[in-house]
Amino acid sequence: MGKVLSIPDFMRMKQEKEPIVMVTAYNHWQARLAEKAGADMILVGDSVGMVEHGLKDTLGVTMEMMLMHCKAVMRARQRAFVVGDLPFLSYEVDEREAIRNAGLLVKEAGVDAVKLEGGKNRVSTIRAIVDAGIAVVGHIGLTPQTATLLGGYRVQGKDEQSARRVLEDAIAVQEAGACAVVLECVPASLAEFITQKLSIPTIGIGAGSSCDGQVLVFHDILGLFETFKPKFVKSYANGAEYLGSGLEGYVREVKNKAFPTQEHSFAMDEKVMEALKKESI
Ligand code: KIV
């Protein structure tokens, strides 16, 4: 196993303008593929609720679910920096609970950092978790856990007031001690301005090409999530069709008795079988 990437590597990548590639993964085989593809960061996102558990949004995701998925991903980790999402209401109630839950993801699952949503309103929480010795990745702009308060899943920072809010959130998250920040669904020029202003890396999703890194959901990259496809998603494979045709082939061959053949069966000494048949007459 090579060296696992760490926060100084990402600071250097920002300075040298080497794009940071983050991809979500939720289980062992997905993390193995992400590692093999060369991802720098793996995010065990709470998007797991939608893409793996069939939930309609991320609100129903629990600490138990996150722990299980983070552990599965960590068993495949080789080089990528792994970030575990803190689910809705695992960090908002009070700082002690936030530290305890962040600590569970780090101590039990072994992730390198936790991610939580919010800007100025989460400064004391981020500071408390960082003070406890745990690296935090911020997440601002469109924050899916509080999308209802934002009027739904919509681009943030289009008008002056809201652009100023996103910018202030970015600065607040950095000052609170976050090691990186995800910018979700913000106009490209605002994301570029924030990226220049911050000393920590920005990881964009629907935030244009000037962020220090990019993140996309595993299922979106591979065309595995067919429920909906946001504008910012680019799919690099038609996974649902490819995997689906594999499964259809299996169903077809079992139905028409083309599988299994001798190639997939085990043989035994004929004499043993004959003796058995005689005995049972
Ligand atoms: O949960 C997730 O997958 C995320 C990314 C979309 C950034 O938070």
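Q: In which loop is Asp46 found?
A: The model is predicted, with local features needing pLDDT of at least 70 and side-chain atom pairs pLDDT 80 or more, while totals for chains, interfaces and linings use all residues. Residues are numbered from 1 along each chain as its sequence is written, and side-chain values use heavy atoms, without hydrogens or water. Elements are DSSP runs numbered from the N terminus (helices: H or I, at least four residues; strands: E, at least two). On that basis, Asp46 is in the loop between strand 2 (41-44) and helix 3 (48-51).

Q: Does Asp46 count as buried or exposed?
A: The classes are buried (under 20% relative accessible area), exposed (over 50%) and partly exposed in between, with a 1.4 Å probe and protein chains only. The relative accessibility of Asp46 is 5%, so Asp46 counts as buried.

Q: What is the largest C-alpha distance among the "binding site" residues?
A: The UniProt "binding site" consists of Asp46, Asp85 and Glu117. These residues are spread over 72 residues of sequence but cluster in space. Their largest C-alpha distance is 10.9 Å.

Q: What is the relative accessible area of Glu117?
A: Glu117 is found in the loop between strand 4 (113-115) and helix 6 (123-131). Its contacts beyond four places in sequence are Asp46, Tyr91, Arg122, His139, Thr143, Pro144, Gln145 and Thr146. Glu117 is buried, its relative accessible area being 5%.

Q: Which strand holds Glu184?
A: UniProt, in an unreviewed entry, places the feature "active site" at Glu184. Glu184 counts as buried because its relative accessibility is 10%. Leaving out residues up to four places away in sequence, Glu184 touches His139, Ile140, Gly141, Leu142, Pro144 and Ile205. Its place is in strand 6 (residues 180-184).

Q: Which lining residues are closest to the centre of the second largest pocket?
A: A pocket is an open set of points on a 1 Å grid over the protein atoms alone, where a 1.4 Å probe fits, with protein on both sides within 12 Å along at least five of seven lines; lining residues have an atom within 4 Å of a point. The largest pocket has at least two lining residues from each of helix 1 (7-15), strand 1 (20-24), helix 2 (28-37), helix 8 (188-197), strand 8 (213-216) and helix 9 (218-221). Of the 30 residues lining the second largest pocket, the closest to its centre are Ser47, Pro144, Glu184, Val217 and Phe232.

Q: Which elements each supply at least two residues to the lining of the second largest pocket?
A: One of the residues closest to this pocket's centre is Glu184, whose place is in strand 6. The elements that each supply at least two lining residues are helix 3, strand 6 and strand 8.

Q: How many Å apart in space are Ile126 and Asp46?
A: Ile126 lies in helix 6 and is buried, with a relative accessible area of 0%. Ile126 touches Leu116, Val136, Val173, Ala176 and Ala178, not counting residues up to four places away in sequence. Ile126 and Asp46 are 80 residues apart in sequence, and their C-alpha to C-alpha distance is 18 Å.

How values were computed: UniProt positions renumbered as here; feature names shortened; annotations may be inferred. Contact = heavy atoms within 4.5 Å.
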